[in-house]
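Try each task before reading its solution.

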Amino acid sequence: MTENYDLAVVGGGILGLAHALAAARSGRRVVVFERDARANGASVRMSGLVTVAGHAAGGATRRAKRSRDVWAEVCSQAGLRIEHEGLSIVARRAEAATALEAYAATEPAPGCAFYRPDDAHALFPQFRGDIAGVFWSPDEIRVEAKSALPKIAAWLEDTHDVAFRWETAVTAIEGDVLRTSRGPVSAQAVVVCPGDDFRTLYGERLAAAGLTRAKSQMLRVRYEEGFELPGAVATDLSVPRMPGLEGLDGVEALRARLEAEQPEHIQHGVVMLASQSADGSLVVGSSRTLEATPDPFQSQAIDDLILEELAAVFGKRPKQILSRWTGTYAFSVDRPLFVEAPEDNVRVVIAGAGAGASAAFAIGEDVVADLFKAG
Ligand SMILES: Cc1cc2nc3c(=O)[nH]c(=O)nc-3n(C[C@H](O)[C@H](O)[C@H](O)COP(=O)(O)OP(=O)(O)OC[C@H]3O[C@@H](n4cnc5c(N)ncnc54)[C@H](O)[C@@H]3O)c2cc1C
């Protein structure tokens, strides 16, 4: 007999789990299909920072704030540790300070502050050398992505009765029947969250969507015993990438200076985002290179660019590199969020920027509400 569900979710990454949670919370019977034995895509390779500051005003900021609140609930209910809270962006140049100070005063950034150099050094003694100020947002939380995903899946299964079909690829969706590598399953509605696989399901449609793949390099490093971050830490390099800061004074001038002064960082899409784990080690990234099929190789030269920016902020390089990895995610120049309805009962949901985990839970709520609005 064919199994029957209200919602089938394709993809066991964070976007898939977020849709499963939203549907289960509204009383629906949900099944999640993941072709791997456990989530192994972008969602377990990411920095684990749930960002709020810097999203575009309007829908993106609303989603970021709502999603952050659901992340906090999920952490407490599923037994995930919040590794730390808050984000500081160290302005190494006056132009970055101008932009960040202006952003801290905008409506989407309540609770954020900008500290001029003297106050910044007093509040954040970890940051060394010449700095033009520090932007602080209290809202970010960081989770340990690698362990968070299996814990959320187990909690969904135990507490919300979500069924998981691991090592099961979905090969086609025909009406309310999903063809899978382990036989057919039927579901009233389907959400496809394929991460950066644009070819298996609805390949023709996705080929026209202008999506590509971004490859990122990451490292886990260690400073001396007792070294402690004040929350997540980023620098000037992140500022021109933040949609919420677009158009603010200082941003264009900063972009031009970064291109002149750190051309290799810009060429390889390097930003520096450091966050800390329970054992004191830091997760540090990242780079961004765009290609239809990214190569699997970790470049030492790119790792050095990331480490150089880390050392510029903390005045020293880490004592040890504990591990290195790469990850890939879907990327679109102009569509940070891709929601398509190839059929009335199907949605394809792809986060087309490097911060899809942050907004995942709000995206899941919106899509599930839309899918079941008639019922
Ligand atoms: C190095 C790195 C750092 C990042 N840091 C951050 C960060 O700090 N904060 C943040 O918000 N975002 C971050 N991101 C981005 C974020 O990780 C992604 O936007 C997000 O994880 C995407 O989730 P997803 O569920 O769509 O994709 P994925 O996690 O890639 O999951 C997709 C899943 O679908 C499965 N699948 C695909 N097709 C099928 C099929 N036909 N049948 C069955 N299963 C299928 C795949 O096996 C995969 O497990 C980072 C990304 C990387 C790579």
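This is a predicted model: local features need pLDDT of at least 70, side-chain atom pairs count only at pLDDT 80 or more; totals for chains, interfaces and linings use all residues.

**Exercise 1. Find out which domains supply the shell around the ligand.**

Solution. Step one: look at which parts of the chain line the ligand. At least three residues of the shell come from each of domain 1 (3–45 + 146–209 + 334–371) and domain 2 (84–138 + 212–331). Step two: count the shell. The ligand is surrounded by 37 residues, and Glu34, Ser43, Leu49, Gly354 and Ser358 are the closest. Step three: sort the shell by class, which gives 17 nonpolar, 15 polar and five charged residues. Step four: go down to the secondary structure. Helix H1 (14–25), helix H2 (42–45), strand E11 (212–222), strand E16 (320–331) and helix H11 (356–371) each contribute at least two shell residues.

**Exercise 2. Locate polar atoms of serine 47, glycine 354 and serine 358 that face N or O atoms of the ligand, then find how much of the ligand the protein covers.**

Solution. Start with the backbone. A polar backbone atom of serine 47 is 3.1 Å from a nitrogen atom of the ligand. For glycine 354, a backbone N or O atom lies 3.1 Å from a ligand nitrogen. Now turn to a side chain: serine 358 places a polar side-chain atom 2.7 Å from an oxygen atom of the ligand. Finally, take the cover: on its own the ligand has 1,000 Å² of accessible area, and the protein covers 95% of it.

**Exercise 3. Work out how far apart the centres of domain 1 and domain 2 lie, and what the UniProt record says about the chain.**

Solution. Next, look at the contact, to which domain 1 gives eleven residues and domain 2 gives 13 residues. Then turn to the record: an unreviewed UniProt entry places the feature "domain: FAD dependent oxidoreductase" at residues 6–367. The end C-alpha atoms of that span are 14 Å apart, and the span is 33% helix and 28% strand.

**Exercise 4. Inspect the backbone at serine 286 and aspartate 161.**

Solution. Begin with the general rule: most residues other than glycine have a negative phi, and most peptide bonds are trans. The bond from glycine 285 to serine 286 is cis, with omega near 0°. Serine 286 sits in the loop between strand E14 (282–285) and strand E15 (289–291). Aspartate 161, not a glycine, has a positive phi of about 60°. Its place is the loop between helix H6 (145–160) and strand E7 (163–165).

Notes: Residues are numbered from 1 along each chain as its sequence is written. Side-chain values use heavy atoms; hydrogens and water are left out. A residue is near a molecule or strand if one of its heavy atoms lies within 4 Å of it. A polar contact is a pair of N or O atoms within 3.5 Å; within protein, one must be able to donate a hydrogen and the other to accept it, and residues adjacent in sequence count only if both atoms are side-chain atoms. Accessible areas come from the Shrake-Rupley method with a 1.4 Å probe; for residues, only the protein chains shown count as cover. Helices (H or I, at least four residues) and strands (E, at least two) are DSSP runs, numbered from the N terminus. Ala, Val, Leu, Ile, Met, Phe, Trp, Tyr, Cys and Pro count as nonpolar, Asp, Glu, Lys and Arg as charged, and the others, Gly among them, as polar. Domain bounds come from an automatic or database domain assignment. UniProt positions are given in the numbering used here, feature names are shortened, and annotations may be inferred rather than shown by experiment. Contact means heavy atoms within 4.5 Å.
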